[in-house]
Amino acid sequence: MITGHDGAEVEAYFAGPDTKGRRGGVVVIHHMPGYDRATKEIVRRFAEMGYDSICPNLYWREAPGASPDDAAAKARAQGGVPDERLVGDVGGAAAYLRAMPTSNAKVGVIGYCSGGRQSVLAACNLDLDAAVDCYGAFVTGTPPEGFPLQVTNLVDQLPNLRCPLLGLFGAEDKFPSPEQVDELDQILNKNSKEHEFHTYPGAGHSFFSVDRAAYNVAAANDGWERIADFYGRHLAG
């Protein structure tokens, strides 16, 4: 359990390497399907890469102890995770990592799908050292009519981006579309924000998801290499 938004106790999944020495930390923001096995495997992967890593269960308040599918359904029915609460929970997870005796005080954030947008949101509102957006929808652009989550784009917040951003996208994705990614790139360039984007031909949404039909081996493998390099430059040491 970690202390999240407004002092609430929130479930979280932690993994770290069994080594001594100072190291950076990574907050993993789970995708819309929730706090599931695949997300926990990502947390463990960052531990294998040499980072302390933690994923807060963003749906804990709606459905404590429920299965990932049931918790995600309940959260969607209520419009999703409010932005203010997300920032508080990620901030609590970052504070947890920085308080560890192994911490070098550097913390990054990464998110997938809805978590990609939330990673950018966190990076605009918290003092983080690096952020990764994996195909986050509605950082720019407008949700279609009938979209189940109560979200807005982050265009007005992007000038406040506080750390370097790595963006990994699929050329066949619709949310975000290549045009929306271009808009994000232009806004960050206009505001002199450090960022690097990579778009993969033939890849669609969720190309990192090993348990889904959208999994794209080439794109995911290259993406992991770029994440390792990016975090190595901004979190290690």
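Leaving aside its neighbours within four places in sequence, which residues is Gly-88 in contact with?

Modeller: Once the neighbours within four places in sequence are set aside, Gly-88 is in contact with Gly-4 and His-5, where contact means heavy atoms within 4.5 Å. Please keep in mind that this is a predicted model, in which local features need pLDDT of at least 70 and side-chain atom pairs count only at pLDDT 80 or more, while totals for chains, interfaces and linings use all residues. Residues are numbered from 1 along each chain as its sequence is written, and side-chain values use heavy atoms, with hydrogens and water left out.

Gly-88 itself sits in helix H3, which covers residues 83-98; helices (H or I, at least four residues) and strands (E, at least two) are DSSP runs, numbered from the N terminus. Leu-126, 38 residues away from Gly-88 in sequence, has its C-alpha 9.1 Å from that of Gly-88 in space.

Turning to the whole protein chain, the secondary structure comprises six helices and nine strands. Its radius of gyration of 16 Å agrees with the value near 18 Å that a compact globule of 237 residues would have, the radius being taken over C-alpha atoms and the globule rule being 2.2 Å times the number of residues to the power 0.38. Of the contacts between residues at least 6 apart in sequence, 73% join residues at least 24 apart. Buried residues account for 55% of the 237, where buried means under 20% relative accessible area, exposed over 50%, and partly exposed in between (1.4 Å probe, protein chains only).

The structure holds 14 aromatic pairs, that is, rings of Phe, Tyr and Trp (its six-membered ring) whose centres lie within 6.5 Å, with planes under 30 degrees apart counted as stacked, over 60 as edge-to-face and the rest as tilted. The rings of Tyr-135 and Phe-207 are edge-to-face, because their centres are 5.1 Å apart and their planes meet at 65 degrees. Tyr-135 lies in the loop between strand E7 (130-134) and strand E8 (165-170), and Phe-207 in the loop between strand E9 (195-200) and helix H6 (217-234), so this pair ties together parts that are 72 residues apart in sequence. Both Tyr-135 and Phe-207 are buried. Phe-138 and Phe-175 form a tilted pair, with ring centres 5.4 Å apart and planes at 45 degrees. Here the loop between E7 and E8, which holds Phe-138, is tied to the loop between E8 and helix H5 (178-190), which holds Phe-175, across 37 residues of sequence. Phe-138 counts as buried at 3% relative accessibility, whereas Phe-175 counts as partly exposed at 36%.

The backbone also deserves attention. Most residues other than glycine have a negative phi, and most peptide bonds are trans. The peptide bond from Phe-175 to Pro-176, however, is cis, with omega near 10 degrees, and Pro-176 lies in the loop between E8 and H5. Tyr-135 has a positive phi, near 45 degrees, and is buried with a relative accessible area of 1%. Ala-105, in strand E6 (residues 103-112), likewise has a positive phi, near 80 degrees, but counts as partly exposed at 44% relative accessibility.
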